Amino acid sequence: MNMEARVGVVVEGGQRALNTAHGSVVETGARKFLQQPQNQQQPQQQSLNAAKRSLNRQQSQIGTVQQLLAGGIAGAFSKTCTAPLARLTILFQVQGMESNVAALSKPCIWREASRIVNEEGFRAFWRGNLVTIAHRLPYSSVNFYAYERYKSLLQSALGLENRKGSASSDLCVHFVGGGLAGITAASATYPLDLVRTRLAAQRQTIYYRGIWHSFHTICKEEGFLGLYKGLGATLLGVGPSIAISFSVYESLRSYWQSQRPNDSTIMISLACGSLSGIASSTATFPLDLVRRRMQLEGAGGRARVYNTGLFGTFGHIIKSEGMRGLYRGILPEYYKVVPSVGIVFMTYETLKMLLSGLPTSS
């Protein structure tokens, strides 16, 4: 859930970096133009305006199909690179469902990683990664596209589209737009997320043998609505998660640029994206843990553990595992923040440069 937030903020930061570079080219041309004699300015003014229109068309084209494709691929590639840490997070999150709670040991990344290698093989770190990619591509694309659309609608509704708003109004636009985009993307791709969780949570006993077998088995044993178990907890968590990521990212970026305007845009995007990911993970991790456990309710024919809904699940975990139980598995989540942001940014920028050279329809 938090990875999607980081994909969105980094993709937007990458587009801003490109726009800044384009703006610098135009501004440089304008300065040279103003230094020319008056009788040479008119033809050069026409050339400068033509260059501006060309850059605007290129930015518009990059901001649609190519931008969505680059964002989706970047998110999928980053998720593949950090899949071992993601699987460790899921395994720690669901430990309270499968073990004697009283006998649970303190989560240890290296011990669990060694167990996976010894008992399941090294490739088991990427168990469920195919469905992760199948989920990540549409999720990243829908999330980013929806965020841009919601942001435009909110700016239009608040009268901010043609003027610079206050810091509080801008923060509200990013917060609400990010939350609505996260909810939209999560709802559209939720069955894939549930299947991914069930595949990744399997240990030695393999009950689900792949994506299509998982869909067929869940629908057969739990009904079609079984594909939407935990959707309430997901929507309750994914909205704030992405809203926090976008708003923290925007606030940090604005403050950084006001204090150090000459710093690299790439460095600013990487640092602010990492910090926003940590902030959203910390704030919403308990909801993420609860949704994982609700997604696994009744999986593989096992008896249900939680029968009291979202808030009853929270109470059950706190009573049996303590408050720390709500943050079981957060360390590997933290560890993957910086590399995931860096991989997303570098992949997105590379793909964007390649795709921007492709012919597009006007």
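1. A crossing of two helices is left-handed if the near helix is turned anticlockwise from the far one by less than a right angle, and right-handed if clockwise. By that rule, α10 passes α13 in a right-handed crossing. Helices here are DSSP runs (H or I, at least four residues), numbered from the N terminus.

2. Before going on, please keep in mind that this is a predicted model, in which local features need pLDDT of at least 70, side-chain atom pairs count only at pLDDT 80 or more, and totals for chains, interfaces and linings use all residues. Residues are numbered from 1 along each chain as its sequence is written, and side-chain values use heavy atoms, leaving out hydrogens and water.

3. Back to the pair: the axes of α10 (residues 265-295) and α13 (residues 337-356) come within 9 Å and cross at roughly 140 degrees. Axes are lines fitted to C-alpha atoms over the stretch in contact, with angles from 0 to 180 degrees between N-to-C directions.

4. Which residues of α10 meet α13? I266, S269, L270, G273, S274, G277 and I278 meet V337, V338, V341, G342 and F345 of α13 (contact means heavy atoms within 4.5 Å).

5. Now look at α3 (residues 83-93), where 10 of the 11 residues are buried (under 20% relative accessible area, 1.4 Å probe, protein chains only). Among them are R87, L88 and F92.

6. Finally, confidence: the chain's mean pLDDT (the predictor's confidence in each residue, from 0 to 100) is 77, and 76% of residues reach 70 or more. Over residues 17-34 pLDDT stays under 50. Where pLDDT is low, the predicted coordinates should not be read in detail.

How values were computed: Buried < 20%, exposed > 50% of the residue type's maximum accessible area, 1.4 Å probe, protein only. Helix = DSSP H or I, 4+ residues; strand = E, 2+ residues; numbered from the N terminus.
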